[in-house]
Every structure is written in structure tokens, then in C-alpha cells.
Amino acid sequence: MSESLVRSALNDKLKEMLSEVNNFHLNSSITCLEILKAVIAKKRENDVIILSKGHSAPAFYVILSELGLLSEEDLKSFANLDGLPSHVIRGLPFIEVSSGSLGQGLSVANGIALASKLEGEEKNVYVILGDGELDEGQIWEAAMTSSHYKLDNVIAIVDRNFKQLTGKTEEIMSKEPLGEKWKSFGWEVFEVENKAEKILELLFELDKVKGKPKVIIAKWE
Amino acid sequence: MIESFREAFGRALVEIGKENENVVVLDADVKGSTKTIYFEKAFPDRFFQIGISEQDLISTAAGFAIAGKIPIASAFAAFMMRAWEQIRNTVARDNLNVKIVTTHSGFSDFMDGSSHQCLEDIALMRVLPNMKVLVPADAYATKVLLKRMVESEGPFYMRLGRDYTVKVYDGEELEIGKAEILREGEDVFLIACGFMVSVALEVAEKLKDLSVGVADFHTIKPLDENTLLKIAKKANLIVTLEEHSIFGGLGGAVAEVLSERMPKRVIRIGTTEFGKSSRDYLALLDLYGLSADKIAKRVAEAVEGF
């Protein structure tokens, strides 16, 4: 991981990028930056990343630009007709599935993970979920599927920023006790501060856990 | 001869599974009813039970397709529609190689009533970019079109009834996107899909005083416009027959094309209501005006009053 991926510099870049588009999903992108940094640093060549909370696309683009996969010009083109799409779409670097509609990423991750087990491949599927996104019932359908099939190659990371579109998560639709919920669905649960180095350290730890899917609840202070 | 759509589907799946190791089947806890259970018995490793959760089923199938498999996602038609947004936003938008096969469509789940009778799915699927829509007429067509579908790239929706189909085909080659003219006619042309193809043949037999043609438009999308225009050129009246709403299904597709390219009178025969429970499939079809007798009467009156 490049030294330049420091919190403040990336934040500034994000803010600059989104200042012209009315701060489009700025908060959700800021809180996703550290998670994306960690996951991209951990990702092996054939691992898959699914950005289920597709509206954090700006954070993803900023990271891609730091990695040299997008230019400054590309970033400026955000949400322009011929520019970077406002939500991630299939075909962008690292992006296997278009998102924008919440609640589907974990199911897609399960499908890829099941296919990979069928082939006997070593492949981790990282899926980044928003905490607001957990309101979608499909997330819990998929959470059951992951644990039913003992998909230890599925690693979900919840961006626990305590905010969703129109307010605080616990006021809109309470999530707590969130860890207990995942645990009761058969998942191995880890809670961590939303900092890239801490998440990254945990991601390496998770490789040792076998036989069940794993979720990291990354808490924004 | 009476055959069953779902039996044909289940058996054909096993044949396809032998030929193509990439095929996987996903079920929403209806394997005994859809007959995907035959595939599970033959290939337990390639059968995935997702439970009673059609939305998760479709998005999981999308994951399999991304990983290079050919997933066949199967459930009852009415309940698969609760995953329409997943089909739209993930499968169709990304043009993924997911094959959706639903059974118990139309009135074919007669006993279960309106909740189970799916009369909207053709319209819902037809409107999606990239999605192709197939409605086989009998057990044989189910088997042949299923194979063709698995061999073709991209998202497909195949709509099947439950049981009870009258044999239409006897070993013919069928191609996706090519309608079959089963009987020529000049006064009236009946354009049908699914079980209504066999009913259309029966209607043509009843209307002995008229020259009645019958065509099977098993591919609703892409619609075989060339064959449709040829039919419209020679026939005075076009009648569409489907076990589906007259809004947005086969009748809608035919009327759209003809109104732009060769304006012609089209009578759409189908439904405008929700269904009802019935102990008898054919009695239910008759109640909604979809029996051969009622269709023949309606067509004869239309020709007279033309």
C-alpha cells in the first residue's frame, strides 16, 4: 500500500471531487475510505471485492487514483455523462458487479464463493456493506445462505458509521445489538475501529478462521 | 397426448447437466414441485438450495454467473417476480448469463388460486433490456428450448406451466427467435404462446368455415418480426392468445410491432383480472374465456362483424 494513502490527503481529495456535485454521498464515502484501503491492500490476485454500498463509489475512485488506475481528469469527470458513474458498475477495475441498489452484494458474494468452492479454488470474496443497507431483508436471507454453506471465503465488512440517508441509524431503524445479530446467524463476528491498519491486521487474522463466514463491524468514532 | 411441463423441465435439466458441467441449479425450496429435484439427485454437488428467498436466489445466481458458471434459477413464476428488482439491477443491467426458469405460470396452478397464478411475468420480463423471454408450447418444446437457452449467452426468462400440456411438436427443430407456423390461413391468424398454442390448434379445427392459421411465438423477445409481418400481410385478422394479461404480454408485443410497421386489426385474448381457485384447470380457463369453445365463438363473431 502506497504511503500516500493517508487519511487526510484522501479526505481532501474526496471533498474536492464531490464539492461540485453537492457533496454527493460524501459522508458514506469518507467512512468507506479506510475499509477500501485495507481490503485492497489485503486482496490477492483472484480475490473479489464487492462494493455493495455502491454509493460509496467516490471513495473507491479516489483509491483507484492513488493506485494509478484512474487519473485526476477521471476524478473530475465524476457523474458526467461520459465520466465515472455515480455508483460503481461492472467493468471498472476490481468491480465484478454493478451496484446502486442496496442489499444484493452479499448474495452475489455467496454465489461467487460457492462457485469457487465447487472449483476447489482459494478465493476470498470481500463484500462491503453499509449499516443502513442492513435494513434490507435480503441481507439476512444472504447471511443465512453464507452460514448454511459454511462459506469461510466470504468476508463481510460493515461500514458502521451510524448514519443512513435521513438520520441516525438507531433512530431510522435500530441495528443494535448488531454483533449479536450476525453471531446468531452463524457468523464469526469482529468489531474494530474504522482505521485501515486495524482492519488490515484483522483481515489477516480472519484467514485463520475456518468453517464459517466472517464479518467485521468497522466502527466510525 | 397429455404431457407435463415440469416433468419435461426436470428431465431435460438432467440431460443438460450431463452434457455441460458448468450448469448449476438453484432452488427456492420448491424442487419437488418444479422437478429440479431430478437434477439434485443426479448432481448433488451442483444443486444449491437457497431456501424460500427468491431475491437471495437471483442475486446468488448472479454471483455464479460472474464466476463463469451457467446458473439456472428456478421457482414458481408468481414468487420469482418478487425478485424483479434484483433481476433488473443485477442480472439484466450487467447482462449476466443467468437463466431463470419458472413453473406454475398462467392459470396452471389452478388449485392454489390468485396468489399463485402468475399473469404478469411476460410483461415484467419483456420490458428489461438484455432479457430474452421464452414460452414453450409443450413438453417437447420445453426440452428443446431449454437446451438452446443454455447454449446461448446472456440472461433469459423461460416461463412454464405446471402440468397439462397437449402435444404440439413431434421432433421438429426449434430455434430461439424464430416463430413456428403450424397451420396456414387467410381469414384469421391465431398467434399464441405456451399452452394456448394447443388451444389455438383446437380453435382452428372448430372454425371449419374459415381459413384459420396458427403460429407458435415461443420467443416473445426478441419477437420474430419478419414472420409476424408475413402473417399480417396475408391474414385479415390477427388474434393473440396467451395465459397472461392482455397488457404487455404477447398481445402487447404483437400490437406494438404491427401498429408501427403494418397496421392491422389485432384482438388480444388473455386476462384482465386476477385468477381464482379451481379444482379443474380447464374449467378455470373456460371461466376466463380461454377455452377453445369460447375463443372460437369470439373469433367467429369478430370475423362476422368485421
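Student: Which residue with a positive phi follows helix 3 of chain A?
Tutor: A:Gly68 does, with phi near 80°. Before we go on, note that this is a predicted model, where local features need pLDDT of at least 70, side-chain atom pairs count only at pLDDT 80 or more, and totals for chains, interfaces and linings use all residues. Residues are numbered from 1 along each chain as its sequence is written, chains are lettered from A and ligands numbered from 1 in the order in which they are written, and side-chain values use heavy atoms, with hydrogens and water left out.

Student: What makes a stretch a helix or a strand here?
Tutor: Both are DSSP runs, numbered from the N terminus: helices are H or I with at least four residues, strands are E with at least two.

Student: Why is helix 3 of chain A called largely enclosed?
Tutor: Take the cut-offs: buried is under 20% relative accessible area, exposed is over 50%, and partly exposed is in between (1.4 Å probe, protein chains only). In helix 3 (residues 57-66), 9 of the 10 residues are buried, so the rest of the structure largely encloses it. Among the buried ones are A:Phe60, A:Tyr61 and A:Ile63.

Student: What makes B:Lys69 and A:Glu119 a salt bridge?
Tutor: The rule asks for a side-chain nitrogen of Lys or Arg within 4 Å of a carboxyl oxygen of Asp or Glu. The closest N and O atoms of B:Lys69 and A:Glu119 are 2.3 Å apart. The pair therefore qualifies under that cut-off. Across the interface of chain A and chain B the rule finds 1 salt bridge. Over all chains the count is 36.

Student: Why is the pair B:Arg159 and B:Asp121 said to tie parts together?
Tutor: First the distance: the closest N and O atoms are 3.0 Å apart. B:Arg159 sits in strand 7 (residues 156-159) and B:Asp121 in helix 7 (residues 121-126) of chain B, so the bridge ties together parts 38 residues apart in sequence. Both residues are buried.

Student: Why is A:Lys208 called exposed, and A:Glu205 partly exposed?
Tutor: A:Lys208 has 61% relative accessibility, so it counts as exposed. A:Glu205 has 42%, so it counts as partly exposed. The two form a salt bridge, with closest N and O atoms 3.1 Å apart.

Student: How many residues are in contact between chain A and chain B?
Tutor: Contact means heavy atoms within 4.5 Å. By that test, 21 residues of chain A are in contact with 24 residues of chain B. Helix 5 of chain A gives the most to its side, with 8 residues.

Student: What area do chain A and chain B bury between them?
Tutor: About 1,900 Å², 55% of it on carbon and sulfur atoms. Buried area is the accessible area (1.4 Å probe) that two parts lose on being put together, summed over both. A:Gln104, A:Leu118 and A:Glu141 supply 25% of the area that chain A buries against chain B, more than any other three residues.

Student: Why is B:Val212 called buried?
Tutor: Its relative accessible area is 2%, so it counts as buried. B:Val212 lies in strand 11 (residues 212-216) of chain B. Its C-alpha atom is 4.9 Å from that of B:Val188, 24 residues away along the chain.

Student: What makes B:Asn97 and B:Lys99 a polar contact?
Tutor: A polar contact is a pair of N or O atoms within 3.5 Å; within protein, one must be able to donate a hydrogen and the other to accept it, and residues adjacent in sequence count only if both atoms are side-chain atoms. The side chains of B:Asn97 and B:Lys99 are joined at 2.7 Å. A polar atom of the B:Asn97 side chain also lies 3.0 Å from the backbone nitrogen of B:Gly154.

Student: Is B:Asn97 buried or exposed?
Tutor: Buried, because its relative accessible area is 10%. B:Asn97 is in the loop between helix 6 (84-92) and strand 5 (99-103) of chain B.
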